[in-house]
Amino acid sequence: MAELKADVLVLGAGMVGVSAALHLLKRGRDVILVDRNDEAGEETSYGNGGIIECASVFPYMFPRDLGEILRYATNRAPQVSYHLLELPSYLPWLVRYFLASEPKRAHRAAMGVLPLIRRSLIEHEALIGEAGVPDLLRKTGWIKLFRSDATLADAQGAFERAKQYGVEGEVLDTSAIAQREPGLTGDFAGAIHFSGPGFVPDPGGLAKAYASLFKREGGRFVVADARSLEQVAGGWRVTGAGDTVVAREAVVALGPWSDLVFAPLGYAIPLGIKRGYHLHLRPRGNAVLQHPVLDSDLGYLLAPMNRGIRMTTGVEFARRDAPATPVQVERALPRARALFPLGEAIEAKPWKGARPCLPDMLPVIGKAPRHAGLWFDFGHQHHGLTLGPVTGRLLAEMMTGAEPFSDPAPFAVERFG
Ligand SMILES: Cc1cc2nc3c(=O)[nH]c(=O)nc-3n(C[C@H](O)[C@H](O)[C@H](O)COP(=O)(O)OP(=O)(O)OC[C@H]3O[C@@H](n4cnc5c(N)ncnc54)[C@H](O)[C@@H]3O)c2cc1C
């Protein structure tokens with residue numbers, strides 16, 4: 001068994017870990033990226049909706065409106081589903097989420113992450129250029145459809161507020177919707193076309209392209225179980241089937257599995273998850289979807305991926321590893337078929353993933369307070385594709401003693417006591 005030495009080992013080769021590894025490499029660190037899979041971008045960073053969401057200046061907080069909470073509590077709303085019997089296991093987390101969603105706190109959180117959201121597409125464009133994969137970015141923005149006047153009016157209010165923070169877009173009436181997406185059929189009150197965000201038609205492919213760039217520039221990739229991480233004299237060690245990796249510093253970027261490493265080290269960080277599903281479907285005939293389209297009131301997204309039309313679902317509260325219960329896919333499918341000409345499903349069963357979430361919907365980025373040389377970079381919630389490169393840059397600046405381009409204080413783990 002060989003012992004490989006590096007300056008930094010990054011645990012987790014999703015969009016977040018790969019981006020951090022690349023930015024550390026760019027700043028002169030010798031970096032080894034570690035994953036249990038042979039390749040990068042095989043998990044959550046594969047299965048998402050593909051939107052580089054620089055229009056999302058207000059994170060997805062717990063609703064404060066009683067009517068909306070009661071609607072979700074019925075467990076019939078398309079946007080949210082939950083495993084009732086497991087509720088006691090995640091109720092404490094939901095309470096923290098509710099408290100963190102108090103309007104003033106939510107606004108503070110939104111302002112904390114705003115500089116990162118604003119830079120998100122710029123950072124992706126730089127890496128996409130270096131990786132030489134321009135086809136993996138489409139600058140189409142995305143369309144949010146509304147079925148009722150009330151939800152459209154609410155969304156227009158939020159859009160007006162978002163404009164103050166530079167969000168661009170256009171409100172569409174039914175004829176404008178038909179012009180922009182001729183394949184859609186339905187009774188729409190209207191839509192908003194957010195024109196700024198990017199769309200990635202193969203998010204897993206993008207993580208792999210960044211990992212290839214990392215290797216081309218001298219980074220190394222090792223297959224190992226991050227749970228083998230141990231503190232040794234002068235740093236951290238991970239043991240794989242073939243190699244042992246030793247480095248002065250280690251970064252935990254394991255997305256929804258980050259607790260497997262931080263919990264045994266004694267950190268009680270409230271990392272929760274919001275599960276989600278996708279299924280690819282073939283378009284019928286020569287129907288083409290130009291943009292990702294969120295059927296907002298009916299709770300699903302259709303995204304024109306290279307593999308087919310990817311239908312993604314809203315949020316499911318359940319244990320991370322509990323068996324899949326894709327009721328939201330079953331409910332959304334007939335609605336999606338009524339919206340757009342969809343043929344047969346490409347996979348036999350839906351993909352299941354988990355958005356890694358802290359109660360305040362901000363990631364944890366920074367130094368682990370009780371272990372020398374240990375760093376955290378996880379909890380990117382609904383926006384890990386969006387925020388991967390920009391948080392990778394922020395972390396690398398912190399780790400190399402450079403001036404961070406944005407204040408990292410909102411992301412410090414110490415906020416949880
Ligand atoms: C349905 C859905 C739709 C979404 N849509 C969007 C969107 O449109 N835009 C957006 O920005 N975000 C979106 N997201 C969120 C985004 O996908 C996540 O925030 C992001 O992928 C998290 O990236 P990550 O690198 O932290 O985690 P992951 O991609 O899950 O990477 C974690 C890595 O850790 C590795 N790992 C785990 N355990 C071990 C171990 N024991 N040893 C070694 N390695 C291990 C895994 O193999 C994996 O490679 C969506 C998420 C879902 C579920």
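**Aromatic ring pairs**

Mentor: Tyr-46 has a relative accessibility of 21% and therefore counts as partly exposed, a class lying between buried (under 20% relative accessible area) and exposed (over 50%), with a 1.4 Å probe and protein chains only. The model is predicted: local features need pLDDT of at least 70 and side-chain atom pairs pLDDT 80 or more, whereas totals for chains, interfaces and linings use all residues. Residues are numbered from 1 along each chain as its sequence is written, and side-chain values use heavy atoms, leaving out hydrogens and water.

The whole structure holds 12 aromatic pairs, that is, rings of Phe, Tyr and Trp (its six-membered ring) with centres within 6.5 Å; planes under 30 degrees apart are stacked, over 60 edge-to-face, and the rest tilted. Tyr-46 and Trp-351 form an edge-to-face pair, because their ring centres are 6.2 Å apart and their planes stand at 80°. Since Tyr-46 belongs to helix 2 (residues 44-47) and Trp-351 to strand 19 (residues 351-357), this pair ties together parts 305 residues apart in sequence; helices (H or I, at least four residues) and strands (E, at least two) are DSSP runs, numbered from the N terminus.

Phe-262 and Phe-376 are also edge-to-face, with centres 6.4 Å apart and planes at 65°. Phe-262 lies in helix 9 (residues 259-262) and Phe-376 in strand 21 (residues 374-378), so parts 114 residues apart in sequence are tied together. Phe-262 is buried at 2% relative accessibility, and Phe-376 is buried at 0%. Elsewhere, ring pairs join Phe-62, Trp-93, Tyr-97 and Phe-98 into a cluster.
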